[in-house]
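Visitor: Please take me into the inside of this protein and stay with one part of it. I would like a close look at what meets there and what ties it together.

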Amino acid sequence: MVAVTFLFLCFWAGDLSRIQVTLEPDRTSVRVQLSHTASLRCCYSVTGGVVDTTWATSPHTVNGTAQVRGVDRRDNRVTMDGGNLTAAGVMCHTLILREARLNDSGLYQCFLNHSALWPPLYTHGTFLHVYRPMVKILDISESTKNGILTAEGMLLMMAVLLHGTMMLFKTKKLNQLKKKRVKEEEENIYEGLNLEECCSTYDQIQRSLVQGPYQDVGNMIMEEEEEIQLEKP
């Protein structure tokens, strides 16, 4: 009895030293529309034994707290395969989730367990995002959208050109009014003046400027002659 127990322990210890699991890269995220089917996959390679694989999920929550729980096999929407071994020796398991719901969003991982594997392993996992599609108010084709955008562009260009033309005409009109006002002010300056009187006054000023110095010299000569005559006995 002791020998049998010893052999079992030796076999278990040898199995523990031989098993080795290598995780393969998983798809980072999958985005699925509401009520559509989601397909998730996890892959790994193992040597020295066969591990038990079960799907686990961490539901997405608003506050960031999530608890890992197993995917319910009893759900009619869920289908899990037994795993497929590829030619490269990689074992891949697939999870099919039909009629996806919003609360199905979360991180999905494969839980790998074996008596000689401690601690158990989780694959990297894939985040499933179930979204509600936007409801279109108007179902317009792309060609119609392009036509609307082209028409909007032409209307905008016409509005800019019309505004610019109106501003040019307004500026031109203001300049004309300004010139007319200046001309009227110049005419108002000379209004009420007698041109003949202005001309005679101007002529007198000019003659005084020209004859003034000569008259002063003549007056000085006459004053000197009078003084000389007064001095004579």
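Guide: The largest nonpolar core contains 23 residues, and Val51, Trp55, Val71, Leu95, Tyr108 and Leu128 have the most contacts inside it. A nonpolar core here is a set of buried Ala, Val, Leu, Ile, Met, Phe, Trp, Tyr and Cys residues joined through side-chain atoms within 4.5 Å. Buried means under 20% relative accessible area, exposed means over 50%, and partly exposed lies in between, with a 1.4 Å probe and protein chains only. At least two core residues come from each of β2 (29–33), β3 (38–47), β6 (78–80), β8 (91–97), β9 (106–114) and β11 (126–131). The strand that gives the most is β3, with four residues. Strands (E, at least two residues) and helices (H or I, at least four) are DSSP runs, numbered from the N terminus.

A word on the source before going further. This is a predicted model, in which local features need pLDDT of at least 70, side-chain atom pairs count only at pLDDT 80 or more, and totals for chains, interfaces and linings use all residues. Residues are numbered from 1 along each chain as its sequence is written, and side-chain values use heavy atoms, with hydrogens and water left out.

Leucine 95 is one of the core residues with the most contacts. Setting aside neighbours within four places in sequence, leucine 95 is in contact (heavy atoms within 4.5 Å) with Ala38, Ser39, Leu40, Trp55, Val71, Val78, Thr79, Met80 and Tyr108.

Now to β9, one of the strands that supply the core. Strands count as paired if DSSP finds at least two bridges between them. Strand β4 (residues 52–59) runs antiparallel to β9, and eight bridges join the two. In that pairing, alanine 56 stands opposite glutamine 109 of β9. β9 also runs antiparallel to β11, through three bridges. There, glycine 106 has leucine 128 of β11 as its bridge partner, and Leu128 is another of the core residues with the most contacts. Histidine 114 stands opposite leucine 117 of β10, and a hairpin of two residues joins β9 to β10.

Past β10 comes a loop. Threonine 123 sits in the loop between β10 and β11 and counts as buried because its relative accessibility is 2%. Not counting residues up to four places away in sequence, threonine 123 touches Leu23, Asp26, Cys42, Gln109, Cys110 and Leu112. Two of these names, cysteine 42 and cysteine 110, form a disulfide.

In general, a disulfide is a covalent bond between the sulfur atoms of two cysteines. In this model, a disulfide is a pair of cysteine sulfur atoms within 2.5 Å, and by that rule the count is two. The sulfur atoms of cysteine 42 and cysteine 110 are 1.8 Å apart, and the link is left-handed, with -80° about the S-S bond. Since cysteine 42 lies in strand β3 and cysteine 110 in strand β9, the pair ties together parts that are 68 residues apart in sequence. Cysteine 42 counts as buried at 1% relative accessibility, and cysteine 110 counts as buried at 0%.

The other link joins cysteine 43 to cysteine 92, with 2.1 Å from S to S. The torsion about its S-S bond is about 115°, so this disulfide is right-handed. Cysteine 43 is in strand β3 and cysteine 92 in strand β8, so the pair links distant parts of the chain, 49 residues apart. Cysteine 43 counts as buried at 12% relative accessibility, and cysteine 92 is buried with 4%. With the bonded cysteines numbered in sequence order, the pairing is 1-4, 2-3.

Glycine 70 lies in strand β5 (residues 69–70) and counts as partly exposed because its relative accessibility is 47%. Leaving out neighbours within four places in sequence, glycine 70 is in contact with Trp55 and Ala56.
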